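Please read them with the coordinates open.

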Amino acid sequence: DAQLAVVDARLSYFAGGAAAGLPVTVQPGWTRQVQAPRAGYTFYEEGLDGADVLPPPVPSQATKLDAAGQTQVRLKAPPLERPLLLQTELKFQDPNGETQTVGASTMLWPDRLKLGLRVRARDRDRPQAIEGIALDERDQPVAGEPVTVRVQPVRRDWPNGRARLTD
């Protein structure tokens with residue numbers, strides 16, 4: 001099943017006024033980059049779950065801006081197995097007839113909760129303290145939500161700080 005990503009776009013001219021009725025093309029694309037909604041926490045670690053394949057491309061959509069220079073496009077996104085950055089470009093012809101492109105990006109998450117972890121490395125000879133946080137759709141902390149955390153042993157290479165999963 002596909003999920004729906006709604007993209008709102010608004011375009012105004014530098015000289016002022018809305019780009020009313022202007023034909024535009026919306027071109028979405030995927031990127032593996034994850035923008036953490038809370039600094040200091042890791043919300044996704046690349047390569048740990050094997051979900052390194054990007055979903056199929058989302059087709060471009062041509063539309064026209066309304067009288068206020070706005071449009072809304074609904075993009076069908078495949079079910080996500082990992083967070084992905086949706087980069088959206090809006091292409092249009094400026095008053096001089098040249099093609100212009102403006103873009104924006106937003107994170108799409110596979111679940112309504114975003115779970116983040118951080119390790120507090122105290123001493124390499126002691127157990128590590130792990131802190132977690134659960135955030136809602138508006139990136140606000142969620143209290144009282146049951147969460148299951150699966151811990152997998154790691155071997156830390158202390159001189160360079162790298163961690164590796166062990167069996």
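The points below go from the overall fold to individual salt bridges.

1. This is a predicted model, in which local features need pLDDT of at least 70, side-chain atom pairs count only at pLDDT 80 or more, and totals for chains, interfaces and linings use all residues. Residues are numbered from 1 along each chain as its sequence is written, and side-chain values use heavy atoms, with hydrogens and water left out.

2. The protein has 10 strands and 0 helices (DSSP runs: E of at least two residues for strands, H or I of at least four for helices, numbered from the N terminus). Contacts (heavy atoms within 4.5 Å) with a separation of 6 or more are 63% between residues 24 or more positions apart.

3. Of the 167 residues, 26% are buried (under 20% relative accessible area; exposed is over 50%, partly exposed in between; 1.4 Å probe, protein chains only).

4. The whole structure contains 4 salt bridges (a side-chain nitrogen of Lys or Arg within 4 Å of a carboxyl oxygen of Asp or Glu). One of them joins Glu145 and Arg112, at 2.8 Å from N to O. Glu145 sits in the loop between β8 and β9, and Arg112 in the loop between β6 and β7, 33 residues apart. Glu145 is partly exposed at 29%, as is Arg112 at 44%.

5. Arg118 and Glu131 form another salt bridge, with the closest N and O atoms 2.8 Å apart. Arg118 is in strand β7 and Glu131 in strand β8, so the pair ties together parts 13 residues apart in sequence.

6. Arg138 pairs with Asp136 in a salt bridge at 3.9 Å. Arg138 is exposed at 62% relative accessible area, whereas Asp136 is buried at 13%.
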